[in-house]
Each structure stands twice: as C-alpha cells, then as structure tokens.
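Could you walk me through this protein model, one piece at a time?

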Amino acid sequence: MEAEESIEKAVLGQDLFGLLRVILWLRPGAEEGALRARVEGALAGSGRFWTGQVWISSAKTSRADKLVYSSAWDEGITVPGIDKFRIDDRTRTRTAWLPRFRTPPWEASRKWRPAKAETKEDGTPAKGPPIVVFYSFKGGVGRTTALAAFAIQRAREGERVLVIDMDLDAPGAGTLLAPDPKDLPGGDDDASRGVVDYLLEAPLGDVPFGDYVHRCRRESLVGDAEGAEIVVMPAGSVDESYLAKLSRIDLEVRGERHPLEGLLVHARDEIEPDWILLDSRAGLSASAGLLLDGIAHLHVLFGTNSTQSQLGLTQVIRNLGEERIRRDGLQANCFVVQAMVVDNVAVEKLARAQFQDWLEGTMRDHYLVAADEDPGDEFWSVRDIDTKSAPSRAIAIPYRSRFAFFPSLDDVVPDLVVGSYREVAGRILAQFPVGEKGPDQGVD
C-alpha cells in the first residue's frame, strides 16, 4: 500500500525478446531507493524473464528519458480496474494491429468530384470517395464475391468503382473481376502489374496510376449506364517473379504516412472513382491490420458460426470499438455479414439466431458505449442495439452451391444484384447518403 501511494503511474513492459522491465512515475516527495528495492524484490521471482531494469521518472529525470517513458505509457494497454497501470508489449511485426488508430486520408463524400470538392491549403481535394474495406477472419466465406457484387451494383448505376486487391498473399479480386477480353493482350489493361509493383516502383519516382490497373466495362457485367466502369488494381501477376517482389514489400507501420495512403491519394486524383473498395487479407496478417487501422471510412466484416471465426472477429471488433474509445477516439464504422448460412429453413433459423446472439453480446462488451454514459450521436451506444442499421444487426448471406464453381463472374451476375447482396449494398449506401450528412445512428 505504501508503494502504491508513492507511485503516480506505472508501466510493465516487454522488450523485443519478451523480457520484463518496469517504468515508474513517482509522486513528489517519494523515496526512490526504497521503492526501487521493493519493486526489484517483487519481480525477482520472474527469473530469466526479468531484465532487472526499473526505470523511474522523477524531477531528476532528463527530458529525453521522459519522452521515452511517455511513449511507453501511450503505447500501453490499460489493465481493467487499475487506471494507473499499463502493459506495453514491444513488437517487431504486425505493428498495424497496435492501437495507433489512423484516420482516413480525406472526408468521404459521394459528391467529391474535383470540380466540386473543397480543397486543402496545398490545393488537393479535402474530400474523396468512400473507402470501404471487406474483411474476414477466415478465408473462403465469400468476402471477395460480396465485394464484386457491390461493385457491379454501383457500376450499373453509372458509377466508377475502383477495386484494390490487398490480399497480397492469396490474390483473388483481380482474377474474379478479370479484364475485358478485347483489351488483351498488351496496353494498360494487360493486368500484369498491380499493388505489389506499385509499392515497389512508386517510391522511385512519378508513375502513372493507370499502368497498374485494368478495366471492366462489358455490358454483361456493368450494364449499359453511361460512365459505368469497374477499375481493378490487382495484387499483381502471380508468376515466377511474384514471390520475390512480394518479399520486398514492407507493410509495417512506422512513419506518420504509410505508402498505402499515398496509393489511395494517387488513385483518387488520377482515377476519380465514386468508390474505393479494398479486399483485405484474412486473419491477423500485416495487410489486414493496416486496413483495419482506421484508414477506411467503413469496414464490412464477414463471419460464420464457427468458433474460430467468432474468436477472431471479436478481436477485430474490440480494436474498432473499445480500444479506440479507450484512447479518446470515435468507434470505427463497421457492420457484420453472416456468411455461408446453410440453405435449410430449420437450420438457417437456428444459425441466424446463434450468430445474432453472439454478435449482440460481442458488441455490448467490446464496441458499444454503455447507455448510461450518454455518449452523444457521434457514438454507437447500447441504446442503439436494436436499430436496424446498427453494427449489432447482422446481414445473412445464404450459401449457394452454384458459387462453388462458375467459369466467369458474368454467369452469376443475376444472383449478385438481388436478395442479401442487395441488402449489403443498402447498408453500405446508408453510411454515405448523398445529402452529405452522416448515417443517422439513432433512428430505426
């Protein structure tokens, strides 16, 4: 108790090798030597996992050391019930999964076109198209197909949709939304280059964004509306050189502006899309963490009734909600799609009920703000839990056996513009009303 009264706050940290050290901030008048001895004695039982280092911030501490200590406190994770104690793990990889919490590179607007958009001091647009991430913890749940369905629906309304395949380890979007046969071979639409090539080549100088994309304009896919187009930036050509190029890509987050932000700004300015859709890698990959770090305006999360899927999605939902709130930020906007629902009336009913129960419980625990905290309209709270547009309300997509194999996406387009895929699109559109106001979170 005496030691606790002498300490203003404390961080228990791990270095890159998992060894423990302690940082203490002393209250005025606290005796440093005795406190250091007590802490060292308490942690001596950690054996080879203990560095023996107790760093103490006091009136005598240099400014440089104080900055290091403050950084450890800011990075630390709060221990429930102990406000003045945090745990700080230092990591080598997966840094995008740490609580940095970026913001999108621009304000989302469906009326952002350069001629209309507000500009920043440097003359670049302050607004841009909505950035939407499609993510699943487990693969093979129809995430990319749902992304393609939304892209097709918007293109059929005369909009230009940019699809970027960020599933660099297992590319799929570039193949699913293949280039038009008439554009091959050669030219800008030969689909031989993509995200990996851009990330390697863009730092070396100005590159035309059009060199890294192909276009889908065929009427069987996008309809006949004027301006209808899906522009696709594939991961790259998966040939004998792809693995070597992929191994040179560094997706870890270090600076204030990640190369992906530069890619998005370049895409906005050169392609001028109405939407940017990012197909994420599944699981806890580096690229997935990057896309779920706040760079997007909306996150569409896909899950199933499997325990593995729900355990993984729980961590993602916690990062998008609870962790951001704890660090005085807003929740990142998201909603959940229940995928692979069995096409059997009795089983489907039970599966939907089980998934919805899990989702509501997870949202209460890790995303929604307690109703008695009166968070205001900018937050999703427990009082919104039954609102049809709330993140706690799942949309179910039934499993279709015909989707197990189809020669071309054109063959299943009629299934992608109706039913649950239309419902998913409606939920996305509701987040970005043309009237420029945000989604009404309190109205059912």
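Strand β9 (residues 160–165) and strand β12 (residues 275–279) run in parallel and pair over 5 bridges; two strands pair if DSSP finds at least two bridges between them. Within this pairing, valine 163 sits opposite leucine 277 in β12. The names follow DSSP runs, with helices (H or I) of at least four residues and strands (E) of at least two, numbered from the N terminus. This is a predicted model, in which local features need pLDDT of at least 70 and side-chain atom pairs count only at pLDDT 80 or more, while totals for chains, interfaces and linings use all residues. Residues are numbered from 1 along each chain as its sequence is written, and side-chain values use heavy atoms, with hydrogens and water left out.

Now step back to the sheet around that pair. The open sheet has 8 strands in the order β10-β11-β9-β12-β8-β13-β14-β15, with mixed pairing. At its edges stand β10 (214–216) and β15 (395–398), each with a single partner strand, so one side of each has no neighbour in the sheet. On average, neighbouring strands of this sheet are turned by 25° against each other, direction ignored.

Which helices pack on this sheet? Helix α13 (residues 345–366) lies across β13 (298–303), β14 (334–341) and β15, running at about 155° to β14. Helix α15 also packs on the sheet, touching β8 (131–136), β12, β13, β14 and β15, and its direction makes about 150° with that of β15. Axes here are lines fitted to C-alpha atoms, for helices over the stretch in contact, and angles run from 0 to 180 degrees between N-to-C directions.

Look inside α13 for glutamine 356. Is glutamine 356 buried or exposed? With a relative accessible area of 14%, glutamine 356 is buried (buried is under 20%, exposed over 50%, partly exposed in between, with a 1.4 Å probe and protein chains only). Not counting residues up to four places away in sequence, glutamine 356 touches Ser392, Arg393 and Ala394, where contact means heavy atoms within 4.5 Å.

Helix α15 (residues 419–431) has a helix partner too: α4 (residues 143–155) packs against it at an angle of about 70°, with the axes 10 Å apart. The two are therefore roughly perpendicular to each other (65 to 115 degrees; under 35 counts as roughly parallel, over 145 as roughly antiparallel and the rest as oblique). Among the residues that meet are Ala149 and Phe150 in α4 and Ala425 and Ile428 in α15.

Next comes the nonpolar interior. A nonpolar core is a set of buried Ala, Val, Leu, Ile, Met, Phe, Trp, Tyr and Cys residues joined through side-chain atoms within 4.5 Å. The largest such core has 58 residues, and Leu264 and Leu278 are among those that touch the most other members. Helix α9 (residues 259–271) gives the most to this core, with 6 residues. Apart from this core lies another of 44 residues, including Val141 and Val337.

Finally, visit the other sheet. Here 5 strands form an open sheet in the order β3-β2-β1-β5-β4, with mixed pairing. Inside this sheet, β1 (residues 7–14) and β5 (residues 82–89) pair in the parallel sense over 5 bridges, and glycine 13 stands opposite aspartate 88 in β5. Helix α3 (residues 63–75) packs on the sheet, touching β1, β2, β3, β4 and β5.
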